[in-house]
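Reader: I am new to this structure and would like a close look at one part of it, the salt bridges. Please take me through them carefully, saying where the partners sit and how accessible they are.

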Amino acid sequence: MGFGDLKSPTGLQVLNDYLADKSYIEGYVPSQADVAVFEAVSGPPPADLGHALHWYNHIKSYEKEKAGLPGVKKALSKYGPADMEDTTGSGATDSKDDDDIDLFGSDDEKESEEAKRLREERLAQYESKKAKKPALVTKSSILLDVKPWEDETEMAKLEECVRSIQADGLVWGSSKLVPVGYGIKKLQIQCVVSWNRYAGGADHCF
């Protein structure tokens, strides 16, 4: 687990991806987990990392109350994507040789080529695993009432026109005619709309 160096663009990108379908680091309310990660971020994320920036501003609003937030603050490496290796310096590494490599060293130390290579490999592994995750599909069932202009409207033709509307994710279901008074009937028809949520966090209808 872990986000990497949250003071670097790479670490902030991992945080942004992690928050794409979450409001908080853990659970459904602000907690000490959010405080631990917030304190590791040097400042507001850039505007193009919308999920991370929204979370940062929200947690910042609890600055005077953060000591009273629920939970127990743990090491930063205990939070983040489950399939992301900890590269914060305190986490486990793949081999004995890796112990000598500081992947996210201090600003005044020049990052070695080996450290860059290892970091890029691990981020590539993370991106590959994330890309393989199936899209979450949310479906909405909608019941539509379609009323005719007059009692001479051909309801069968009206239903045919309604069902002619086609779009990705739209499936028409059963229908029936329901009396509304004075011999006039309305068309009541059901449809299902699929909303796909991809790993990037964007919502798409149809």
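Author: What follows is a walk through some of the salt bridges, pair by pair. The model is a predicted one, and it holds eight salt bridges. One of them joins Lys73 to Glu39, with the closest N and O atoms 3.1 Å apart. This pair links distant parts of the chain, since Lys73 lies in the loop between α3 (50-60) and α4 (113-131) while Glu39 belongs to helix α2 (residues 32-40), the two being 34 residues apart. Lys73 counts as partly exposed at 41% relative accessibility, and Glu39 is likewise partly exposed, at 40%.

Another salt bridge brings together the side chains of Asp145 and Lys186, at 3.0 Å from N to O. Here too distant parts of the chain are linked, with Asp145 in strand β1 (residues 136-146) and Lys186 in strand β3 (residues 184-197), 41 residues apart. Asp145 is partly exposed, with a relative accessible area of 42%, whereas Lys186 has 14% relative accessibility and therefore counts as buried, the cut-off being under 20%.

Arg163 and Glu159 form a further salt bridge, their closest N and O atoms lying 2.9 Å apart. Because these residues are four apart in helix α5 (residues 155-163), about one helical turn separates them. Both count as partly exposed, Arg163 at 27% relative accessibility and Glu159 at 21%. Finally, salt bridges with shared partners join Glu39, Lys66 and Lys73 into one network.

Key. Residues numbered from 1 in each chain as written. Predicted model: local features only at pLDDT ≥ 70, side-chain atom pairs only at ≥ 80, totals over all residues. Heavy atoms only, no water. Salt bridge = Lys/Arg side-chain N within 4 Å of Asp/Glu carboxyl O. Buried < 20%, exposed > 50% of the residue type's maximum accessible area, 1.4 Å probe, protein only.
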